[in-house]
Amino acid sequence: MTEDDPTNEISDIEDRIAALAEIAERCRKYILASKIAIGSGAALLLITILGLWGTGQTAALGSIALVLGGIVSLGSNVSTLQQTEDAIGAAEARRAALIGTIDLRVVADAPLKLF
């Protein structure tokens, strides 16, 4: 391999894409957990307001905190996911450009069998 051979850089980019994909998957899990927290907090607040369950002010404050925390977590992870997906797209474009610079040979030009 020569110094102009981009295979090492392509390999590094593929490693970066794999790491970014793990980050994106983790963000998706946090987004789901945030949505569950928002829904649970809203349901608990509604139950507390209607007095369906013998809960007091602590449950109301806890449910409000759960909703607000879920909203903050959701917003943070959605923006992180968007940035990660943008970085993955840029890395894939760079990888495609590097692959395009490689002088590939047609398989028909290769020897048929080696004995």
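Ser63 is in contact (heavy atoms within 4.5 Å) with Gly41, Leu44 and Leu45, leaving aside its neighbours within four places in sequence. The model is predicted; local features need pLDDT of at least 70, side-chain atom pairs count only at pLDDT 80 or more, and totals for chains, interfaces and linings use all residues. Residues are numbered from 1 along each chain as its sequence is written, and side-chain values use heavy atoms, without hydrogens or water.

Ser63 lies in helix α2, residues 57-101. Helices are DSSP runs of H or I with at least four residues, numbered from the N terminus. Ser63 counts as buried because its relative accessibility is 0%. Leu61 is also placed in α2, but counts as exposed at 61% relative accessibility. Buried means under 20% relative accessible area and exposed over 50%, with a 1.4 Å probe and protein chains only.

The buried residues of α2 include Ala59, Ala60, Ser63, Val67 and Gly70. The buried residues of α2 pack against α1 (7-50). The two helices, α1 and α2, pack at an angle of about 160°, with axes 7 Å apart. Therefore α1 is roughly antiparallel to α2. Axes are lines fitted to C-alpha atoms over the stretch in contact, and angles run from 0 to 180 degrees between N-to-C directions. Angles over 145 degrees count as roughly antiparallel.

How values were computed:
Angles under 35 degrees count as roughly parallel, over 145 as roughly antiparallel, 65 to 115 as roughly perpendicular and the rest as oblique.
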